[in-house]
Amino acid sequence: MAVFSQTPEKKRFRFLDIIILAFIFVLFYAILRLSSGMDIPFSPANEPVISLDPSMLPYYAGRSLLRMFIAFAASLLFTFIYGYIAAKNKLAQKILIPILDILQSIPVLGFLSATILAFMAFFPGNLLGVECASILAIFTGQAWNMTFSFYHSLVTIPKDLEEASAILHMNWWQKFIHLELPISMISLIWNGMMSFGGGWFFLAASESISVLGKNIHLPGVGSYLAAAVAAGDVRCMVYAMITMLIMILLVDQFFWRPLIVWGQKFKLELSESSCQPKSFIYNIIYQSFVMDLFYRTCLAPLLHFLNKRLTKFADFTEKAAQKMDERPKKGHFSFALKVIFLLFVCYELFTPACEAFTMLCNLGSQYLLHIFFLGFLTCCRVFAALFLGMCWTVPVGVYIGLHPSLSQKMQPVVQIAASFPANMLFPFITVLFLEYNVNFQYGSIALMMLGTQWYILFNVIAGAMSIPNDLLEAASIFKISGWKKWRCIILPCIFSHLVTGFITASGGAWNASIISELVVWKSHTLVATGLGSYISLVTTQGNWAKIIVGIMVMCIFVVLINRLLWQRLYQLSETKYHLD
């Protein structure tokens, strides 16, 4: 099982290849044209102006898609590095996974202004600084879910495959290419799709930014929509939403659907299901003479060259590590290094810790207890949103994942529903709450669910699609059905994916609490008592001391939940609920 393999047969040149060549030429020209607009002079007196002319929407859509794919590439690189280190080193695992849980829960949009100032300092007088800050905001909406998925795939590899790689004396690179990456491919593709959809949520906020009393609008669909809302132009708002839907459908058909079909080759099973996912674009690429020629003459030799060099590098690093292990350990030197590192960390954290301690003392113990009580209320809403989301996403996700033909029809629908920015629906739901006098203390849970339930759904679909067809055939032969089939086959097989979905949905729920516990509609303001509404209010007031306290309390809750619940569920999935 390897990621890269030769195509089995040569193809003939057809008229379809001319269309593919034209498409590739247009694609490269569009990338060059769009990227050139990112590196232009920028100043408060010379900033981009967003036109509400609908004819500009194709250009704005291209700029937005370019940012999305750059952020996705960075997220993928981050996933491989961060997830691999966390899975391979026990000490790193204890540090990196809680940090990752905190990162996905911190409301990054609240610190977007600070990141813009930092990037503008790196690229003075150039729009590239603002572009990098926008891409970073989109990156934060994509990276965490993919990293959790990849990490969990690595720690739940079947033991027989681990033993086989050890018997074959694979180095870390060979094991990564031939075992670890293929076995995580299906989950990575579906979580990548969810993460890409999560990036749409940050698109409007990352393209229309307020900093230093100035409103900076980057060319894109998000900023076009923000400008249309500010102008009260309903027609342009509809145009922007239609454009976003078209973008989502095109990305789904030209990018994600072919990847899903390709990813089926990495499914662990001895017998293949009679019904497989299909893609018209994948068939075109597979039958193309141009793509086959490109693979045989360019891509395959390049991959072979890189694989050969990285294999030698992996052998060298493993031999060096083995020699280091064979040397007599100098305990005093190692202890001295640890002490020096600890003193350095304490020195760096001393001033911030003193400032934080002074700030906490000034607020008083009663105030801090009140903030922790607000955190408890938000925590209850987070778990309520997870439970309600689980009630419908688990059965629906399993049904979609076990029926590839249905998956092919439902994927664009689910992708659109997950990708559409949930906060755009908040005003309409708020009107319903006001109309029917819904208690917003409970109604905010529904708003929280809009942005979090999709993480569970996509992970459940990926888990159901990963169930070996052998087990499903065995269940059919032995006439195992109903709850017994769920208890003995389906739930154990999807358990690890379900845990990943819960963790990412939990982080999304904490993040979404900032905007779901306080909503405004005209003269009406609905507030649900909790930590999210507290952070929203103090952010509006610009009280940095209270903002930091709110974030600190949120981080404490996230860490405690991670240690007491999610980490134990991860250990359970690693030791009991994985295929061997």
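This is a predicted model: local features need pLDDT of at least 70, side-chain atom pairs count only at pLDDT 80 or more; totals for chains, interfaces and linings use all residues.
Residues are numbered from 1 along each chain as its sequence is written, and side-chain values use heavy atoms, with hydrogens and water left out.

Six salt bridges turn up, a salt bridge being a side-chain nitrogen of Lys or Arg within 4 Å of a carboxyl oxygen of Asp or Glu. One of them pairs Arg63 with Glu131 at 2.5 Å, N to O. Arg63 belongs to helix H2 (residues 57–88) and Glu131 to helix H5 (residues 128–140), 68 residues apart; helices here are DSSP runs of H or I with at least four residues, numbered from the N terminus. Glu131 also bridges to Arg67, with the closest N and O atoms 2.7 Å apart. Arg63 is buried at 2% relative accessibility, and Glu131 at 0%; buried means under 20% relative accessible area, exposed over 50%, and partly exposed in between (1.4 Å probe, protein chains only). Arg67 is buried too.

Another bridge joins Glu162 and Lys175, again N to O, at 2.5 Å. Glu162 sits in helix H7 (residues 159–167) and Lys175 in helix H8 (residues 172–183), so the pair ties together parts 13 residues apart in sequence. Glu162 is partly exposed at 24%, while Lys175 is buried at 17%.

As for cysteines, the whole structure has zero disulfides, meaning pairs of cysteine sulfur atoms within 2.5 Å. Cys236 is buried at 0% relative accessibility, whereas Cys488 is partly exposed at 41%.

Terms used:
Helices (H or I, at least four residues) and strands (E, at least two) are DSSP runs, numbered from the N terminus.
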